[in-house]
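Student: Could you take me through a close look at one part of this protein? I would like to start from the whole chain and then zoom in.

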Amino acid sequence: MRGPLELELPADEDHIAALRDSVVDFSTRGTDLKRVRSLRGTRPGYERRVWTAMADLGWLGILIPEAYGGLGLGVTEAATVAEALAPALIPEPYTAACVLATGAIVYGDNPELQARLLPDIASGKLLPALAWQEYFNQLDPTAVKSVAAASDGAVELSGTKRFVAGATDADGFIVSARGTEGLALYWISNDARGVRLSFELLVDGTWGAAVELSAVRVGAELCVASPGVAHAALVRALDEGTVVAAAELSGIANRTLDMTLDYLRTRKQFGKPIGSFQALQHRAVDCYVQKELAAAVLQHALTTCAASQDPVARSAAASRAKARCGEAALMITREAIQMHGAIAFTDDCDVGLYAKRSMQLSAWLGNGRQHMRRYAETVPVVAAERPRRETIVPERLERLSADTEWNALPDEDFRILVRGFIEAHYPEHLRYMPRRVRWEEVREWNLKLAHRGWIAPAWPRASGGMGLSAPKQMIYWQELERWGVERAPDQGVRQLGQVLMRYGTDQQKAAYLPKILACEHIWCQGYSEPNAGSDLASLTTSATLHGDAFVINGQKIWTSMAMDSTHIYMLCRTDTTGKKQEGISFFVVDLKTPGITVRPIRNIAGHDEFCEVFFENVRVGGENLIGGINKGWSVAKAVLDLERLDNGSPRRPLTAFNRLVALATKLGLFADARFVETFTQLWLDLEDHATLYGRFADIVKAGGHLGPDASIVKIWGLEAFQRVTEFALESGGAHGASGTVEIDGEKIDLLAPFYLSRLVTIGGGSNEIQRNIVSKYVLRLPG
C-alpha cells in the first residue's frame, strides 16, 4: 500500500475484477433507476444511507492511506468503482468527493489536518467538496481571483467559486485562493461565517453550486496545501478526477450501447428485427468503435497516472481520456435515441437518463473541445521540417548485437539507435516518395535491415524477428515515417511469415521463413478475383489434384506489386460440392513456375502498383499446400486478420499527418484558430487510434489470435487517414488544384496520400464489409 505521495503501482487484474464485481453487485441490490428518478430535482439529490453503504464497502477511502483509515489504493481502483457504478446512474457525488476533494487533501502538506479529516471521509461521516473553478471555460486551476488576505495570524477568504459538484449536502469545502505567497488550499466548514451557497439544477436532475466567500476567516491549521504544494496537489487531484469522470462516461457508453443492441435485436418493423437493417447495423458498429476507443484511451490514462511521475504526461493523458470518453458517451446516447425512435423521447425510457447524465459529465471538468485545446497546449507539435542526418548514436548502443533484448532498452535509447541506423543507410533520393517504391530501388536498404536483424520487428525472437512490444513497434514505425522511408513489397514479412508460424509444417517453415528474412523471396497476395473481391469465398481459381501435383487455373486481380515479387500465396478452389468456404485451399507458388503471366495495372495516380495474375495449367506439389486440403479458409482468415491489423496500422495516417504538419508550418496555418481546432481533433483521432492499435498488436505479439473485433482498427484508422488527407488538401487552398506545395525548394505532395487513403478503405475487405463483420460476429445483430 502507498502513502500520501508515493507512486501508485499498476493494479492487479484479478483484484480489479473482484472490485468491479462487488460494485456491480451493490448496484443491483442497493439502488435502481426508480430511485434515481425520484431524487431528480430534490435537495440534496442523494441519500446519506447510500453514501454510508459505500463507505462500509471501503470505496470512499480508496485514495486515503491506510494510516488514515483508507485502503491506500489508487486512481485505477477509483475509476473501476466509477465505471461500474455508471450504469446505475447513482446521484451520490463519488468522484467529486472521493477523488477531487479527497485527492486535494491527500496530496496536500498538512498531516494534522489530514489526520482530522481523512478518517471521517473514509467512514462516510464527512462529505467534502472541492471549490476551485471560477469561470465557465476554466481548466487552469491557477487562474483564480479569490484572495486570501492576511489578518492577525489567519487569512480571510473572499471570492466566488462556481460549478461546485456535490455541494448540496457537503460538510465542508476545499477552497483555492491566492495570497501574497501564491496559491493555497484551505478547508472551510459549510456553516462558517461568510459562506453563502446558491444552487443550479443540472440537466440530469442533480445540482451544481456557487460558493460565495465574504471575508471567511481561516486559521493556519486549516491550510490544506501551502503555496509551495497547492498547485501540484490541485493539478493532480483535478487530473485524477478528470480520468475518473472519463471512466464514468465510459460506463455510461457501455450500458447505453448494450441497451440499444438489445432493442435492435428485439424491436420489429416490416416483419423483421430492425437490427437486420444494414443502416442501423453500421450506426451501431460506429458506436462500438467509439466505445472501444474510449476504453483503450481510458486504460492508457490510468496506466499513465499510475506509472508516471511527470505531471505534464498525466495532464495530457487525462485530457485525451476526457475528450474521447465524452465523445463516445455523447455519440452513443444520441444514436441510442435515434435508433430507439419516438419511445426514447419519453421520460419513461431509460435512454434519456443516460443521455442527460452524459451531457452533465461531459461538461463537468472541461468538455471535449476544452481538453483538446489543453492537449495541444500541453504537448507541442514538432514542426515537420525535413529531418537531416544529425543523429549521433552512442558507442554503447552501436555495439549492441542482433540478439539484444530490444524491449529492455529504454525507449529513448531504442529510438536513437533506430533513428541513427535509418539516417545512415536509407537512400536520400527515395525519401518521401509519391508512389510505392519498386523492389530494386529498396533492395539494398532491405538487405541492410536483414543483416542488422531488423527486417521483421513483429516476428518472435525464436523465428528470427525482433520480438518488439507494441510500444517499441510504434517507435520503430515512427522513425521510419519521420525519415520518409517508403514501404517495400513486404507481404512475406507482414503477413505470410506469421501465418506459416501458425499453420506451416516444420519443413515449410524451414523452407520459407529464412528466405523471407534474407529478402530472397519477395511475396505478394493472390486473393481477389474479378468476381470475388469482398465476397472472397466466391473465388473460382481452381487447383485440381492430378497424381501427386495440383494443377492451377484461373485469374487473380488487384495483386499489389506482383510485378516485383518472386512468389505468391493464394487461395484456390479444391472442392465444389459443399459450402463455398469449405472447398478452399491455401497455396504458396513460385511465380517463375510455367503457366503464370503477370500484367501490371496503372492506378488512379498514374503508377504501376496492382497486377492481374493469370494461371494456366500451373503445376505445384503437395508441399506447396499450407494447412491441409480444403482448410484454406481458416488460413485465409488468419492472413486477413493480420491484414486488417496491418492496414489499420498507424503508419500511413502518421505519414499523412506529418505532411499536414509540414504544410501548416510552411504556410503559417498554426496562427489560424479554426485550423488548429480541426488539426487537434485529427491529432487526437490518430493518437487514440495508435493506442487502440497497440492493444491488438500486443495480442499478436503474445501469440494470441485476433478476433473479428480487430476490424475496428482498420475502420477507424483508415477513415481517420482519409480525414487527414482531405483536410490537408483543403488547407492547401489554391495549392489543392495541383496537389503539390513547393516552398523554399521543398515539395509537399498532398495528392499521393489522398489517393492512397481512398484505396486502403477498399482493399483487404472494404470498411463496409468490416462493419458487416463486426455487426454479425461481435454485436450479434440479426442478419
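Tutor: Happy to! Let's begin with contacts, where contact means heavy atoms within 4.5 Å. Among the contacts in the protein with a separation of 6 or more, 75% join residues 24 or more positions apart. What you see is a predicted model, in which local features need pLDDT of at least 70 and side-chain atom pairs count only at pLDDT 80 or more, while totals for chains, interfaces and linings use all residues. Residues are numbered from 1 along each chain as its sequence is written, and side-chain values use heavy atoms, leaving out hydrogens and water.

Now the overall build. The protein has 23 helices and 20 strands; these are DSSP runs numbered from the N terminus, with helices (H or I) of at least four residues and strands (E) of at least two. Its radius of gyration is 30 Å, close to the 28 Å that the globule rule gives for 783 residues, so the protein is as compact as a globular protein of that length. That radius is taken over C-alpha atoms, and the rule is 2.2 Å times the number of residues to the power 0.38. Of the 783 residues, 57% are buried. Here buried means under 20% relative accessible area, exposed means over 50%, and partly exposed is in between, with a 1.4 Å probe and protein chains only.

Next, the inside. In soluble globular proteins, nonpolar side chains tend to be buried together. The largest nonpolar core in this model has 145 residues, and Met 54, Tyr 94 and Leu 157 touch the most other members. Such a core is a set of buried Ala, Val, Leu, Ile, Met, Phe, Trp, Tyr and Cys residues joined through side-chain atoms within 4.5 Å. Helix α7 (residues 230-266) gives this core its largest share, 17 residues.

Let's zoom in around Met 54. Leaving aside residues up to four places away in sequence, Met 54 touches Phe 26, Trp 59, Leu 60, Leu 85, Ile 90, Glu 92 and Tyr 94. Two of those names, Ile 90 and Glu 92, come back when we turn to Arg 35. Arg 35 lies in helix α2 (residues 33-39). Is Arg 35 buried or exposed? Its relative accessible area is 9%, so Arg 35 is buried. With the sequence neighbours up to four places away again left out, Arg 35 touches Glu 47, Arg 49, Val 50, Ile 90, Pro 91 and Glu 92. For a sense of scale, Arg 35 and Ala 232 are 197 residues apart in sequence, and their C-alpha atoms are 38 Å apart in space.

Pro 44 sits in the loop between α2 and α3 (48-56), and the peptide bond from Arg 43 to Pro 44 is cis, with omega near 10 degrees. Then look at Leu 89, in the loop between α4 (75-85) and α5 (94-106). Phi of Leu 89 is near 55 degrees, a positive value in a residue other than glycine. Leu 89 counts as buried because its relative accessibility is 3%.

To finish, follow the chain to Asn 617 in strand β17 (residues 608-621). Phi of Asn 617 is also near 55 degrees, but with a relative accessible area of 48%, Asn 617 is partly exposed.
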